[in-house]
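Please open the model in your viewer and keep the selection panel at hand.

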Number of protein chains: 2
Amino acid sequence: MRVTVLVRPKAGILDPQGAAVEGSLRKLGFPVQTARVGRVVDLELETSDPSEARTQVERMCSELLANPLIESVQIELESE
Amino acid sequence: MRVTVLVRPKAGILDPQGAAVEGSLRKLGFPVQTARVGRVVDLELETSDPSEARTQVERMCSELLANPLIESVQIELESE
């Protein structure tokens, strides 16, 4: 099954890429208050069981995909 | 209003970061078929009008946030 993981810098954590995007958008004339940049990871898993998928992805996040000290994670299972 | 933009490599486009994540997850023992990595951009706009927000963000995407040749864009307006 397909799973989408959104990994974002936590509030208060420095986000140079977001700051660069924010500055560039303002320079281009867009009325933006804030911009933050994170990662989206799309996974195709072999399992089709939603609760097993969530458990696997939570382990992937803590072992590889995200740094829990500075990043927050949002896991979205796609219903078929 | 808050807008979330998901920028992903199009199907068939080389994604070295996704390939690295895929290989690392497999080495860690996770049964992953594919992994693709893109960007999530969270914006706080001054406007509170949804259709104006969407128009602005579509222009931001074509002028700065994404490369339409190799990336697809998904725009999500957050309802208050």
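**From a strand pair to a buried glutamate**

Begin by selecting residues 2-9 and 32-45 of chain A, which are strands β1 and β2 of that chain and pair in the antiparallel sense over six bridges. As you look, bear in mind that this is a predicted model. Within this pair, pick V7(A), whose bridge partner in β2(A) is R39(A).

Now widen the selection to the whole sheet, an open one of six strands with antiparallel pairing, which runs in the order β3(A)-β1(A)-β2(A)-β2(B)-β1(B)-β3(B). Its edge strands are β3 (71-77) of chain A and β3 (71-77) of chain B, each of which pairs on one side only. On average, and with direction ignored, neighbouring strands of this sheet are turned by 25° against each other.

Next, select E71(A), which is found in strand β3 of chain A. Is this residue, E71(A), buried or exposed? With a relative accessible area of 15%, E71(A) counts as buried, because that value is under 20%. Display its side chain together with that of R39(A), and you will find a polar contact between the two at 3.0 Å. A polar atom of the E71(A) side chain also lies 2.8 Å from the backbone nitrogen of N67(A). Beyond its neighbours within four places in sequence, E71(A) is in contact with several residues, among them V7(A), P9(A), R39(A) and L65(A).

Finally, turn to the cysteines C61(A), buried at a relative accessible area of 6%, and C61(B), which is buried at 7%. The count of disulfides over all chains comes to zero.

Methods
Residues are numbered from 1 along each chain as its sequence is written. Chains are lettered from A and ligands numbered from 1 in the order in which they are written. This is a predicted model: local features need pLDDT of at least 70, side-chain atom pairs count only at pLDDT 80 or more; totals for chains, interfaces and linings use all residues. Side-chain values use heavy atoms; hydrogens and water are left out. A disulfide is a pair of cysteine sulfur atoms within 2.5 Å. Buried means under 20% relative accessible area, exposed over 50%, partly exposed in between (1.4 Å probe, protein chains only). Two strands pair if DSSP finds at least two bridges between them. Helices (H or I, at least four residues) and strands (E, at least two) are DSSP runs, numbered from the N terminus. Axes are lines fitted to C-alpha atoms, for helices over the stretch in contact, and angles run from 0 to 180 degrees between N-to-C directions. A polar contact is a pair of N or O atoms within 3.5 Å; within protein, one must be able to donate a hydrogen and the other to accept it, and residues adjacent in sequence count only if both atoms are side-chain atoms. Contact means heavy atoms within 4.5 Å.
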